[in-house]
Amino acid sequence: MTRRRPARPALPAQSGVRALVVALTVAALAVLTACGTPNPTAQARLEAHGTGHAGTQEPTPPAHSAAPATPTAPTALRRGESVRTVTTRAAYTPKAPTTGTDDYHCFVLDPAVTRDAFVTGFDIAPGQPAEVHHVILFRVPAADAARARARDAESGGTGWTCFGGAGLGAGGGLDDAPWVGAWAPGGRENVLPADVGIPVEKGSLLVMQVHYNLRHGVAPDRTSVRLRLSTSAGLAPLETMLYPAPVELPCRPDRTGPLCDRGAAVADVSQRFGPMSSRIVNGLLLVCDGTLLPAPGPTQSCTRRVEQAATIRAAAGHMHLLGSSLRIELDPGTARARTLLEIPVWNFDDQGAVPVPATRIRPGDTIRVTCTHDQSWRDRLPDLQGLPERYVVWGEGTTDEMCLGLLSVTRP
């Protein structure tokens with residue numbers, strides 16, 4: 001049966017642990033099912049889910065096709081808005097910096113902001129959609145712009161490897177992540193409501209982190225971003241809150257192998273992505289459950305107390321290929337409980353943010369993200385064919401897993 005972890009108040013995170021967790025990038029339990037099997041709807045879609053990247057013609061659209069979203073006509077500009085398109089200096093050919101099949105690469109983008117402004121929308125266009133797993137845009141304030149340019153100059157303007165975050169220091173926290181926007185499969189133009197914007201000060205830069213999945217080729221990529229900028233007064237600043245949870249998914253009882261040992265699995269992600277990985281895996285347990293002892297199972301969650309009043313405007317979640325279902329809840333187990341985001345059937349190719357009716361949160365409230373992952377997906381997904389079964393922990397590769405909830409908020 002599914003093993004549920006008892007809800008515990010989240011411990012105040014020490015700054016080092018919080019910085020490591022926050023460096024993650026780029027919600028969740030819908031219906032608990034017996035013994036971790038997919039829910040019936042997910043099972044019915046398994047054949048379609050498993051055709052991703054295979055080029056097989058199916059009557060049902062594949063759930064892991066990595067095909068670009070159908071283009072839509074750009075939304076008309078609003079009063080005070082202008083459009084600016086920024087891209088990398090040159091095409092970049094991805095390559096794994098160590099072992100594995102993933103490349104996280106950061107590029108400096110200059111939106112040429114000559115006066116304080118707001119980002120009121122964005123449209124991220126991957127140059128190679130089959131290779132790009134996700135894209136995150138980070139704000140670089142004017143005070144740090146010289147450091148970003150120097151880091152870029154070291155590589156001759158081709159960017160740098162950046163597993164975790166932007167590679168320029170922690171910056172922000174879980175409750176005020178310096179994100180401007182993100183793209184994952186299924187993403188389209190994102191136009192913010194007319195009363196909000198993401199502040200960018202004069203002289204700011206952007207760092208664009210691109211996660212390349214090398215199992216689908218290494219063709220040169222040049223990803224671009226179409227930004228909406230507004231100088232209108234009176235817009236409410238929009239912020240991003242991150243809610244990560246552990247992933248502790250054991251091998252199935254009838255499967256064995258060297259990586260079915262948790263210690264070996266943690267060592268493997270550390271080898272591929274650096275020693276930061278093991279600290280993240282253990283830091284999530286400490287922050288979410290107050291222990292370093294995992295409770296293995298398909299369903300994991302994390303409950304965190306709200307520290308500052310805010311109004312939730314949108315919600316999103318992020319998992320990888322073994323994701324089954326996902327939920328974000330406000331004040332679970334209380335009279336005020338409500339579901340902010342529920343995804344009963346996770347679709348890797350549809351990860352767009354969902355608008356939420358303006359919902360006030362206050363200090364003392366709790367937010368819980370819960371994710372269910374399922375090892376049985378690896379039997380059908382071409383992306384996972386030929387890979388040994390493993391104990392799955394939080395890892396940055398396409399064939400690893402994550403559990404992440406994201407809330408877009410204004411304050412108060």
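What follows is a chat about a predicted model and why its parts get the labels they do.

User: Let's begin with helices. How do you know that the length of helix H6 fits its number of residues?
Analyst: Helix H6 covers residues 276-289, which is 14 residues. At 1.5 Å a residue they should span 20 Å, and the end C-alpha atoms are 20 Å apart, so the two values agree.

User: What makes H6 "mostly covered"?
Analyst: A residue is called buried if its relative accessible area is under 20%. In H6, 10 of the 14 residues are buried. Among them are Met 276, Ile 280, Val 281, Leu 284 and Leu 285. Just after the helix comes Gly 290, with a positive phi of about 70 degrees.

User: What do the buried residues of H5 pack against?
Analyst: They pack against H6, and also against strand S2, strand S13 (248-249) and strand S20 (392-393). The buried residues of H5 include Ala 265, Asp 268 and Arg 272.

User: What makes S8 a partner of strand S3 and of strand S11?
Analyst: Two strands pair if there are at least two bridges between them. S8 has 3 bridges to strand S3 (residues 117-125), running antiparallel, and Ala 117 has Val 200 as its bridge partner. With strand S11 (residues 236-237), S8 has 2 bridges in the parallel sense, and there Val 196 is partnered by Ala 236. Both counts meet the cut-off, so both pairings hold.

User: Why are strands S5 and S6 said to stand at the edges?
Analyst: They belong to an open, antiparallel sheet of 5 strands, in the order S5-S2-S9-S4-S6. Strand S5 (160-161) and strand S6 (179-183) each have a single partner strand, so one side of each lacks a neighbour in the sheet. Strand S4 (residues 132-140) is joined to S6 by 4 bridges, with Ile 136 opposite Ala 182.

User: What is the strand order in the open sheet that contains S14?
Analyst: The order is S14-S19-S16-S17, with antiparallel pairing. Strand S14 (299-305) and strand S17 (338-343) are the edge strands, each pairing on one side only. On average, neighbouring strands here are turned by 10 degrees against each other, direction ignored. Strands S16 and S19 share 7 bridges, and in one of these pairs Ser 325 meets Thr 372.

User: Now single residues. Why is Thr 101 called partly exposed?
Analyst: Partly exposed lies between buried, under 20%, and exposed, over 50%. Thr 101 has a relative accessible area of 28%, so it falls in between. This residue is in the loop between strand S1 and strand S2. Its C-alpha atom is 7.3 Å from that of Gly 397, although the two are 296 residues apart along the chain.

User: Are Ala 112 and Asp 331 buried or partly exposed?
Analyst: Asp 331, at 6%, is buried, while Ala 112, at 42%, is partly exposed. Ala 112 has a positive phi of about 55 degrees without being a glycine. Asp 331 also has a positive phi, near 50 degrees, and sits in the loop between S16 and S17.

User: What makes the bond from Arg 411 to Pro 412 cis?
Analyst: Its omega is near 0 degrees. Pro 412 is in the segment after strand S21 (404-410).

Terms used
Residues are numbered from 1 along each chain as its sequence is written. This is a predicted model: local features need pLDDT of at least 70, side-chain atom pairs count only at pLDDT 80 or more; totals for chains, interfaces and linings use all residues. Side-chain values use heavy atoms; hydrogens and water are left out. Axes are lines fitted to C-alpha atoms, for helices over the stretch in contact, and angles run from 0 to 180 degrees between N-to-C directions. The expected span of a helix is 1.5 Å times one less than its number of residues. Buried means under 20% relative accessible area, exposed over 50%, partly exposed in between (1.4 Å probe, protein chains only). Contact means heavy atoms within 4.5 Å.
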